[in-house]
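Dear colleague,

I am handing over the structure that follows, and below it I set out what was found, in case you are coming to it without any background.

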Amino acid sequence: MALLPILCYPDPKLLTVAKSVGAVDARIQTLVSDMLVTMYEAKGIGLAATQVDVHERVIVIDTSEERDQPLVLINPEIVWKSEATHLNEEGCLSVPGIYDGVVRHDAVHVSALDETGASRRIEAEELLAVCIQHEMDHLLGKVFVEYLSPLKRNRIKTKMMKLQREESR
Ligand code: K1U
Ligand code: ZN
């Protein structure tokens with residue numbers, strides 16, 4: 001199991017649209033275990049393959065208090081979403097230290113494959129629903145700051161670029 005480096009906004013690789021996984025084989029299973037280790041180590045509640053520079057439709061999530069209920073979604077598709085929406089505070093491991101409100105559907109139903117290749121259907125609400133929508137955006141090359149005003153987004157971009165310059169010194 002390996003810790004994977006997480007891409008930081010505004011890295012253009014975060015804009016890549018992920019491709020569907022052809023087969024859930026040993027390579028994908030290794031990617032899933034590495035992503036889980038990386039997510040837990042970074043203290044995140046989710047991670048999309050895009051964030052570790054792998055452009056395939058793979059997501060890992062754990063919104064449990066005990067951090068012992070990993071959820072693996074391969075080739076996820078939203079098959080139903082609630083009409084009701086809410087403004088939720090979000091963060092992102094690719095935009096460290098930035099939290100802001102994004103409007104998301106209150107509930108979503110998702111079909112996906114798990115790490116064994118079996119089909120699953122998940123009925124998600126609350127934080128899990130928010131996290132699934134956030135991670136599925138990553139697979140489409142969309143980072144949550146794209147929902148914010150151009151002014152906020154540019155300030156975040158400048159702050160992140162300054163941080164990265166300082167870190168590379
Ligand atoms: O995709 C990611 O970068 C992971 C991200 C997931 C996420 C958090 C909050 C709302 C939607 C999606 C994180 O895990 S950020 C860090 C975090 O643990 C967290 C931040 C805010 C609220 C709850 C958790
Ligand atoms: Zn994110």
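**The zinc site and its surroundings**

With a relative accessibility of 8%, His134 falls under the 20% cut-off and therefore counts as buried. Please keep in mind while reading that this is a predicted model. His138, at 1% relative accessibility, counts as buried because the cut-off is again 20%. These two histidines belong to the zinc site, where the zinc ion (ligand 2) is coordinated by Cys92 through SG, by His134 through NE2 and by His138 through NE2, at 2.0 to 2.3 Å. Along the chain, the donors of this zinc ion follow the spacing C-x41-H-x3-H. His134 and His138 both sit in helix H2 (residues 126–139), and because they are four residues apart there, about one helical turn separates them.

The largest pocket has a volume of about 350 Å³. It is lined by 21 residues, of which Ile45, Glu90, Gly91, Cys92 and Leu93 are the closest to its centre. Strand E4 (85–90) and H2 are the elements that give two or more residues to this lining, and the largest share, six residues, comes from H2. Sorted by class, the lining of the largest pocket holds 10 nonpolar, seven polar and four charged residues.

The second largest pocket contains about 210 Å³ of space, and its lining is made up of Arg57, Glu77, Ile78, Thr85, Val103, Arg104, His105, Gln133, Met136, Asp137, Leu140 and Tyr147. Here the elements that give two or more residues are E3, strand E5 (100–105) and H2. Five residues of the lining of this second largest pocket are nonpolar, three are polar and four are charged.

**Helix H1**

How far apart are the end C-alpha atoms of helix H1 (residues 26–41)? They are 22 Å apart, which agrees with the span of 22 Å that its 16 residues should have at 1.5 Å a residue, because the expected span is 1.5 Å times one less than the number of residues. The buried residues of H1 are Ile28, Leu31, Val32, Asp34, Met35, Leu36, Thr38 and Met39, and these buried residues pack against strand E1 (46–48), strand E2 (58–61) and strand E3 (71–81). Just after H1, Lys43 takes a positive phi of about 60°.

With best regards

Key: Residues numbered from 1 in each chain as written. Chains lettered and ligands numbered in written order. Predicted model: local features only at pLDDT ≥ 70, side-chain atom pairs only at ≥ 80, totals over all residues. Heavy atoms only, no water. Buried < 20%, exposed > 50% of the residue type's maximum accessible area, 1.4 Å probe, protein only. Contact = heavy atoms within 4.5 Å. Donors = N, O, S within 2.8 Å, 3.2 Å for Na, K, Ca; no water. 1 Å grid on protein atoms, 1.4 Å probe; cavity = no way out; pocket = protein on both sides within 12 Å on 5 of 7 lines; lining within 4 Å. Points joined across faces, edges and corners; volume = space filled by probe spheres on them. Nonpolar A, V, L, I, M, F, W, Y, C, P; charged D, E, K, R; others polar.
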